[in-house]
Amino acid sequence: MWLSVGRSEAETHCWRCGCEKKLQRCHIIPDPLGGKDEPGNIVLLCSRCHTEGPNVTDPEIMWDWIRAYGVPFYETFWNIRGMQEYKFIYHKSLSDEISDILRQANISPDDERAGRLIKENLQSVHDKGSIHFGQPYLNTATMAGLYRMMLKHLAETLGVCFPVAAADEGKPRTPWWSIT
Ligand SMILES: [Zn+2]
């Protein structure tokens, strides 16, 4: 079974996102639905994942959910969520945005310079987002916003246009609630 944490980390790292934070005992089947307070009905999750987890009577759902998110690194996990949010808002992936900006400046994304530029520009927005009261992390919309600001900054640094006109510009957007 591929989870975000290995056996040796199970007491210290969130089973879903793999972060090393204070963990909460989370019931697989919630108490109001008849779940018992015993080890077989418990997973250890960080507070953030605890809030996002499923609360249903079928215990398999919890494991499906935890397994689906299995990623090797904590940072990777929330970065992926931030990138998904970016694509949802701007209808273009972060990597495509970066490639398009670099292409305008005649820099190959594989270029050693490209990596350095991205790193520098990420650092430039590093302190421009903040956590919300009671949530000790940047939420996904904040991360997506920081990515956007990073791209603006990158384009400005290179003296190129951003956003690059998308092929589907002008077409009506699909409302979020009808996306399948
Ligand atoms: Zn977590």
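Okay, let's start with the rings: searching the whole structure turns up 2 aromatic pairs. One to look at is Y86 with Y90, whose ring centres sit 4.6 Å apart with the planes at 40°, so we call that pair tilted. On cut-offs, rings of Phe, Tyr and Trp (its six-membered ring) pair if their centres lie within 6.5 Å; planes under 30 degrees apart are stacked, over 60 edge-to-face, and the rest tilted.

Before I go on, this is a predicted model, where local features need pLDDT of at least 70 and side-chain atom pairs count only at pLDDT 80 or more, while totals for chains, interfaces and linings use all residues. Numbering runs from 1 along each chain as its sequence is written, and side-chain values use heavy atoms, with hydrogens and water left out.

Back to the tyrosines. Y86 and Y90 are 4 residues apart in helix α3, so about one helical turn separates them. Helices here are DSSP runs (H or I, at least four residues), strands likewise (E, at least two), and both are numbered from the N terminus. Is Y86 buried or exposed? Y86 is buried, at a relative accessible area of 0%, whereas Y90 counts as partly exposed at 30%. For the record, buried means under 20% relative accessible area, exposed over 50%, and partly exposed in between, with a 1.4 Å probe and protein chains only.

Now the metal. Which residues coordinate the zinc ion? C14, C17, C46 and C49 do, each through SG, at 2.3 to 2.5 Å. Donors are N, O and S atoms within 2.8 Å of the metal (3.2 Å for Na, K and Ca), and since water is not among the atoms, sites may look incomplete. The angles among the 4 donor atoms run from 104 to 116°, and the site is tetrahedral; four donors get that label if all angles lie between 85 and 135 degrees. In sequence, the spacing of the donor residues is C-x2-C-x28-C-x2-C. C14 is in the segment before β1 (23–27) and C46 is in strand β2 (residues 42–46), so this pair ties together parts 32 residues apart in sequence. Both C14 and C46 are buried.

In the loop between β1 and β2 we find N41, buried at a relative accessible area of 6%. Ignoring neighbours within four places in sequence, N41 is in contact (heavy atoms within 4.5 Å) with C26, H27, I28, I29, G35 and K36.

On to helix α5, residues 112–125. Its buried residues are A114, L117, N121 and V125. Looking down the axis of α5, these fall within an arc of 65°, so they line one face of the helix; that arc is taken over the directions from the helix axis to the C-beta atoms. On the other side of α5, E112, K119 and Q123 are exposed. The cover over the buried residues of α5 includes α4 (94–104) and α6 (140–158).

H91, in the loop between α3 (74–90) and α4, has phi near 60°, positive in a residue other than glycine. N106, in the loop between α4 and α5, also has a positive phi, near 55°. H91 is partly exposed at 37% relative accessibility, and N106 is exposed at 72%. Finally, F162 and P163 are joined by a cis peptide bond, omega about 0°, with P163 in the segment after α6.

Notes:
Tetrahedral: all angles 85-135°; square planar, octahedral: opposite > 155°, others 65-115°.
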